[in-house]
Amino acid sequence: MFEEKLDTLSQMMAEHMAMPFPPGFRGLDIEDQDMVMLGADTYGYALGVLKGPLDEQRGKGLIRLTAVFEKVLPAIDDEYAARYYTHVRDLAVLAAEIDTLREK
């Protein structure tokens, strides 16, 4: 089951990289969050989770990041961007779940 979650995370990361960045969201801040960095940070944390357990600081950063999406997603009124960032949120949530399940 754990390996399946890792495989799913890897697949979601590949899907994320294949998705075009939402037009008009470069340089845009929503709820004090830089939208480019939100996606980049999520991908970086997920990549770290694929490589092994995150250290305590990065683990807490990933958990904080998942909470950011609860503020940001409702404020996105573009249909494609909402789908894009929902996928990014799901990526962050799965990465956090895997990191929590992993023995440290």
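This is a predicted model: local features need pLDDT of at least 70, side-chain atom pairs count only at pLDDT 80 or more; totals for chains, interfaces and linings use all residues.
**Helix α3**

- α3 runs over residues 56–72, so to speak a stretch of 17 residues, and reaches 25 Å from its first C-alpha to its last, close to the 24 Å expected.
- Its buried residues are Gly 59, Gly 61, Leu 62, Leu 65, Thr 66, Val 68, Phe 69 and Val 72.
- An α-helix has 3.6 residues a turn, so residues three or four places apart point the same way.
- Turn to the other side of α3 and you'll find Glu 56, Gln 57, Arg 64 and Glu 70 exposed.
- The cover over the buried residues of α3 includes β1 (29–30), β2 (33–34), α2 (35–51) and α4 (79–101).

**Aromatic rings**

- Searching the whole structure turns up five aromatic pairs.
- One of them is Phe 21 with Tyr 84, edge-to-face, at 5.6 Å centre to centre and 80° between the planes.
- That pair links distant parts of the chain: Phe 21 is in the loop between α1 (2–18) and β1, Tyr 84 is in helix α4, and they are 63 residues apart.
- Tyr 84 also pairs edge-to-face with Tyr 85, at 5.0 Å centre to centre and 80° between the planes.
- Both tyrosines are buried: Tyr 84 has a relative accessible area of 5%, and Tyr 85 has 0%.
- Ring pairs join Phe 21, Phe 25, Tyr 80, Tyr 84 and Tyr 85 into a cluster.

Technical notes:
Residues are numbered from 1 along each chain as its sequence is written. Side-chain values use heavy atoms; hydrogens and water are left out. Helices (H or I, at least four residues) and strands (E, at least two) are DSSP runs, numbered from the N terminus. The expected span of a helix is 1.5 Å times one less than its number of residues. Buried means under 20% relative accessible area, exposed over 50%, partly exposed in between (1.4 Å probe, protein chains only). Contact means heavy atoms within 4.5 Å. Rings of Phe, Tyr and Trp (its six-membered ring) pair if their centres lie within 6.5 Å; planes under 30 degrees apart count as stacked, over 60 as edge-to-face and the rest as tilted.
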